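Morning, everyone. Let me put the model on the screen, and then we'll walk through it.

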Amino acid sequence: MLLESVDTRETPIRILLIEDDDEIADRLVAGLARAGFTVERADNGADGYAMGLDDTYAAAILDLGLPQMQGLDVLKRWRASDRKLPVLILSARGTWAEKVDGLNAGADDYITKPFHIPEVAARLKALIRRASGIASPVLSHGGISLDTTSNRVCQNGESIELTARELKMLTYFMHRIGRIVSQAELVDHLYALEDSRESNTIEVYISRLRRKLGADVITTVRGLGYRMD
């Protein structure tokens, strides 16, 4: 099955979507069209793999749980054949081990479901910029800038000193502007490969970031987690 949406306001960027859930696919096609993408869809892994051999796509969004051929197998076959198409995995499989498997198989980025269209669009544009050799290492939002190369943080031009954990948490939030991030997700990120995980320290790091960057920089969403608006 093939769906196509075109945003006529600007030259669209051609994206391959491999997703078997019709509702999710329709949402992505419509939302990404508004962000300037043309989305062509395959609803199974075998068709998606074949379509991805076309070198006119700027990037691909790949689900993992697919009929006919699993998403990881699609990705591994592309990489084995030296297909360098930027790939964003979009999956309900969100444990840190599954993310590591996806990245090790050759994915360029990984977003877990549920998702927000603006974040997907921003991640795609970042992947395409990197593939074109023009990526900026600086994340910016609300007067805060974070240089991911030098790990330097500034707010309104003034340098802010952060610890390694604080920096790691801020980077995670700045890649997910507007999205609710659960405490469990933050624990997985901060202590990804460590045996000892301290969920009770998450609020400590949130408080430190608020103290250094402003009380309203990260909002608590009661019962759900935190959000950088």
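**Helix packing, then the sheet**

Start with two helices. α1 and α5, residues 117–131, pack at an angle of about 65°, and their axes are 10 Å apart. That angle makes α1 roughly perpendicular to α5, because 65 to 115 degrees counts as such. The crossing of α1 past α5 is right-handed. Keep in mind that this is a predicted model.

Which residues of α1 and α5 meet? From α1, we have R27, L28, G31 and L32. From α5, they meet I117, V120, A121 and L124. Sorted by class, this contact of α1 with α5 holds six nonpolar residues, one polar and one charged.

Now the sheet. What is the strand order? The order is β2-β1-β3-β4-β5, in an open sheet of five strands. The pairing is parallel. At the edges sit β2, residues 37–42, and β5, residues 109–112. Each of those pairs on one side only. On average, neighbouring strands in this sheet are turned by 20° against each other, ignoring direction.

Let's zoom in on one pair. β1 covers residues 13–18, and β3 covers 59–62. They pair in the parallel sense, over four bridges. Take L17: its bridge partner in β3 is I61.

Last, how does α1 relate to the sheet? Helix α1 spans residues 22–34.

Definitions and conventions: Residues are numbered from 1 along each chain as its sequence is written. This is a predicted model: local features need pLDDT of at least 70, side-chain atom pairs count only at pLDDT 80 or more; totals for chains, interfaces and linings use all residues. Side-chain values use heavy atoms; hydrogens and water are left out. Two strands pair if DSSP finds at least two bridges between them. Axes are lines fitted to C-alpha atoms, for helices over the stretch in contact, and angles run from 0 to 180 degrees between N-to-C directions. Contact means heavy atoms within 4.5 Å. Angles under 35 degrees count as roughly parallel, over 145 as roughly antiparallel, 65 to 115 as roughly perpendicular and the rest as oblique. A crossing is left-handed if the near helix is turned anticlockwise from the far one by less than a right angle, and right-handed if clockwise. Ala, Val, Leu, Ile, Met, Phe, Trp, Tyr, Cys and Pro count as nonpolar, Asp, Glu, Lys and Arg as charged, and the others, Gly among them, as polar.
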